[in-house]
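Here is a short report for a first look at this model.

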Amino acid sequence: MPKSGRDGGAPKDSKYDLSKISARVDRVNVSGLLRTHNDYVMRAADGLFKANNFQDLMLEAMSTKSYLHELGIFKDVSVHIDVSRGTDASPQGYEVTFKGNEMSRMMGSAGTEIGQNEGSLRTELTIPNILGRGESISLQGSYSSTRANDLQLKFWKPFFHTRFKENRPEMSFSIFRQTDRYDISSFKSTNLGYLVDFSAHTMVGVDLTHSLQYENSIRDVGLLNKSVPFGIREHCGPKLASLLRYSVVYDNRDGNVFPTRGVFLKSVNEYCGLGGNVAYTSSTAHGELNVPLFAGLVAQFCGRVGVVKETKNTTQLPINSLFYCGGPLTLRGFKFGGAGPVIDGTPIGAQTFWCTGAHLWAPLPFAGVFKNLASHFRMHFFYNIGNSNSFSTENMRSAFGMGLAVKLAERARIELNYCVPVRRQNTDNILNGFQFGIGYEFV
């Protein structure tokens with residue numbers, strides 16, 4: 001027979017069902033508020049007062065802790081649960097205290113950032129919670145030796161403390177200067193302007209992330225060398241662009257880098273022509289489906305499509321808004337922009353493009369021996385097809401191959417693939433052999 005404790009109760013190895021222990025929260029305390037107004041954290045305790053057993057109380061306490069972190073005012077938060085005391089204490093009452101350590105008045109950081117097939121050095125200086133309700137201002141700068149450099153001054157204001165806290169509404173205003181290099185087409189684009197952004201979540205049936213932006217900027221196209229075709233030269237010079245951009249994202253995958261199940265959908269739509277001398281409409285969509293098979297194998301199907309069209313006010317479609325198909329992120333086996341139209345031997349972007357990919361992901365053969373290390377690696381076999389300036393399959397490009405992928409935290413991955421182009425056009429720039437890619441959104 002199992003031995004009982006000294007109090008004659010249950011054995012030491014007994015497991016208790018915390019959902020059967022009655023509990024209620026009498027009081028919630030949030031300590032450590034220095035610059036923060038009390039009303040900014042008051043809604044954090046809404047769920048705690050609905051708990052009627054100890055299991056719900058613990059789950060809601062952890063949820064409240066996460067919510068306090070999301071407010072952007074604390075470096076760390078600890079939770080203390082104690083029996084409620086005092087004349088107004090209820091029989092099953094508890095008192096929950098959250099002890100927070102507010103962020104410094106000024107913070108700085110430096111590190112690397114992964115973009116789409118590029119890495120950059122990024123520095124940031126932030127003044128958090130400047131008005132006491134999560135408002136922050138930051139100065140960000142990044143430098144890349146390959147493609148993009150940018151400088152941005154951003155002010156943002158969350159509205160998590162309102163009755164719409166479940167929707168996570170947030171508004172921001174940014175002044176930016178961004179330079180993009182298009183070495184394959186021998187030009188660069190420098191954008192200087194401001195951006196207003198409003199983002200929120202909706203949970204009516206499915207969880208969607210929405211973003212509505214207004215951008216007003218001066219776009220200046222310059223040449224990288226003297227031997228550039230006239231078809232590109234005619235785009236040079238500064239132009240004023242005023243546009244609205246709306247994006248929506250649905251993501252129920254179980255992981256961002258190596259998901260084993262779930263769906264990811266993303267759509268971005270732009271209308272440019274609210275002012276200035278640039279006018280066009282642009283739409284892009286990206287989809288991903290992951291299906292678990294057996295023995296750790298995962299089937300993945302990806303697709304991406306983009307269309308940019310003229311409007312009645314369009315005099316010339318801007319070259320820096322066209323699509324470049326080809327490269328390790330879209331159509332493997334082709335160089336960046338190598339599966340599209342050309343002018344005098346120089347690749348130029350397309351008005352439409354589409355590409356799809358079918359993958360079979362597999363763990364490393366000896367993943368069971370080196371579990372922690374092997375979880376950052378995957379093998380895959382792939383087949384990509386796509387085309388530019390045509391939605392037909394008559395002259396489409398295609399390639400297949402296999403490769404090794406490495407996870408970088410939970411945000412991006414590195415791929416080293418051996419590619420074999422199958423179908424191509426005479427003007428395409430192919431890459432038959434090994435191809436290196438780094439990014440966070442692959443096809």
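This is a predicted model: local features need pLDDT of at least 70, side-chain atom pairs count only at pLDDT 80 or more; totals for chains, interfaces and linings use all residues.

The expected span of a helix is 1.5 Å times one less than its number of residues. Helix α1 covers residues 54–70, 17 residues in total, so it should span 24 Å. Its end C-alpha atoms are 24 Å apart, which agrees.

Both ends of α1 have a feature to look for. Just after α1, G72 takes a positive phi of about 75°.

Which residues of α1 are buried? They are F54, L57, A61, T64, Y67 and L68. An α-helix has 3.6 residues a turn, so residues three or four places apart point the same way. Seen down the axis of α1, the buried residues fall within an arc of 130°, so they line one face of the helix. Strands β1, β2 and β3 are among the elements that cover them.

| Strand covering α1 | Residues |
|---|---|
| β1 | 24–31 |
| β2 | 74–83 |
| β3 | 93–102 |

Over residues 23–101 the chain is 22% helix and 34% strand. The end C-alpha atoms of this stretch are 28 Å apart.

Now the cores. The largest nonpolar core has 26 residues. F187, I232, C272, Y280, V308 and I319 touch the most other members. Strands β11 (237–251), β14 (298–309) and β17 (352–362) each give two or more residues to this core. A second, separate core has 20 residues, including A23, L48, A51 and F54.

Key
Residues are numbered from 1 along each chain as its sequence is written. Side-chain values use heavy atoms; hydrogens and water are left out. Helices (H or I, at least four residues) and strands (E, at least two) are DSSP runs, numbered from the N terminus. A nonpolar core is a set of buried Ala, Val, Leu, Ile, Met, Phe, Trp, Tyr and Cys residues joined through side-chain atoms within 4.5 Å. Buried means under 20% relative accessible area, exposed over 50%, partly exposed in between (1.4 Å probe, protein chains only). The arc is that of the directions from the helix axis to the C-beta atoms. Contact means heavy atoms within 4.5 Å.
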